[in-house]
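Please look over the sequence and structure before reading on.

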Amino acid sequence: MKIQILSDEMASRIAAGEVVERPASAVKELIENSLDASATEIFISVEKSGTSSIRVSDNGEGMAPEDLNLAVERHATSKLKVDEDLFRIATLGFRGEALPSIGSVSKLQVVSRSPNAPTAQKLCVEGGKKGEMLPTAAAVGTSIEIKDIFFNTPARRKFLKAPATELSHICDAVNRMALAYPGVHFRLEHDGRTVADYVSVNDGQDRLYQVFGREIAKGLAAFDWRQGELAAHGFLSSAPLSFPNARYLYTFVNRRYVRDKVLTHAVLQGYETLLMKGQYPAVVLFLNVPFGEVDVNVHPAKFEVRFRRQSDVHEAVARAIRQALRQEAKEPGPRSGAISSSSFSGVREVALPYGLSARTAPDNPAPTYGNVFTLPPRAAAQEGFYSSMRVLGQILGCYLVCASSQGLALIDQHAAHERVAFEKLRRQMDAGKVAMQNLLIPQTVRLSAGEMMLLEQKLDILRRFGFDLEPFGPDAYAIHGVPALLPEGDYSQVVRQMVADLAEVDTSSKLREHLEDRLATIACHGVIRANRMLEMDEMRALLSDLDQIDFATQCPHGRPVLIEISRDELERMFKRVV
């Protein structure tokens, strides 16, 4: 016989390889168990980056002796009662695999006490072999200690990264949980030194300051969006704050951290044309969906989910991000380096205009330079943010100098006009008025049977974007017309990429990116260039146009349109504030 039934030990080690990839995986599983047990304090202590020992203690409900005895058995869980529960999972854990998987590749000790128990119980598991349960002294809650992880699987231990890298993964696991549960106190210690201590807070914004630090957290704005059964809230960065990687992009579904390409794609689509190429935003997204609308039983470590209505979720998240950014862009605040006057408590020089005495200052208007920081007149305050600015002039043939309610504003005239032209062109595209050019010689694109069926269902979407396609045999379509905005070339590749994208999110973001890249190019070459002197009426008209569009703070390539210097910054530069 070639086929053999694996021993229980071998089967447990294989299963552990799916769940416990590294020490951070064990930390994540144990924290999830603590949160499911309604813990409000979770303390994590690791030695040698988790390779020597891991201890997770909580003040949760604890376990009765009979439950503790079953908890280390495979597929034993308190989370699922009936078959239907598997399709409406409301807890972080549900598989019943964490403790037995960890116990099969380590020396595991579990100490737990329920509120009504007179004493705690201790149970040890070494390499999958369960010991005898013994009474011990402990507070209500559960404490789990893992020693010598992967001691009996040296091949897995050999593939662990450097200690600093493994500790970084543990920190990431704790940070993700802390972001989702601000009301829980998390403390992480490494080799006896406190690495993180996040006391419980009532406001999620306060938890951002704990996890990310002041510099990043102060650049994130809260948002809240709801439509039907879908709700999205969290925090996001507005331009120009961005990062060279997606390290600060966190997505949660029903408070469960997930790495889902649909959600990530939706978030980035919400930021389209607002970030420079290769840059990523900082986003903490919490998506709430009915438990029956999401399947979390698709990945052993529960990092991935599957949505029943994937395209609706994608569209909802992209719309929520876009709407939040649109609101932020309506009236930009001072740049991130600015310090608000209300937060400053130092010595400040009396803000009187030079050349006026203290006696005459209140009765006479300040001269021109004194008015740079004055708020706009009451009538102008009803205008848009840009229209309310007072134009002071133009410098270097490229930048408008204005007085805003925040202080001094510099506007790149080329970037500003580029965004105005781009938004006008995009509105035409969204209205279905994309100009189409007919091909003198049609091109053909050959597709698989599945792609042919999908394309047949989505022909209306393609026509709205300016494509004219007709069936050409059993496995091909003829391309008779394409959007005039697309550059000349092989359109079959564009169609093929678009079909692949439609299979993921039901709307072709690839095509939209092609079209918007073309729109940005047209806008860039058809607007006011640098080194051109503008008349005062032209400057005011440009500011007025900026108020009529969304996302007026960035050009279509992600470069800033506006840079503001607050009054406090100017006074610090001139040493008027000590």
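## Two aspartates with positive phi

Asp 148 sits in the loop that links β7 (141-147) and α5 (154-158). Helices (H or I, at least four residues) and strands (E, at least two) are DSSP runs, numbered from the N terminus. Asp 148 is not a glycine, yet its phi is positive, about 50 degrees. Its relative accessibility is 30%, so Asp 148 counts as partly exposed. Buried means under 20% relative accessible area, exposed over 50%, and partly exposed in between (1.4 Å probe, protein chains only).

Asp 191 lies in the loop between β8 (185-190) and β9 (193-198). Asp 191 also has a positive phi of about 50 degrees, although it is not a glycine. With a relative accessible area of 48%, Asp 191 is partly exposed.

## Basis of the model

The model is predicted: local features need pLDDT of at least 70, side-chain atom pairs count only at pLDDT 80 or more, and totals for chains, interfaces and linings use all residues. Residues are numbered from 1 along each chain as its sequence is written, and side-chain values use heavy atoms, with hydrogens and water left out.

## Helix pair

The axes of α2 (residues 23-36) and α6 (residues 163-180) come within 8 Å and cross at roughly 20 degrees. Axes are lines fitted to C-alpha atoms, for helices over the stretch in contact, and angles run from 0 to 180 degrees between N-to-C directions. α2 and α6 are therefore roughly parallel (angles under 35 degrees; over 145 is roughly antiparallel, 65 to 115 roughly perpendicular, the rest oblique).

## Strand residue

Tyr 399 belongs to strand β18 (residues 399-403). Tyr 399 is partly exposed, at 33% relative accessible area.
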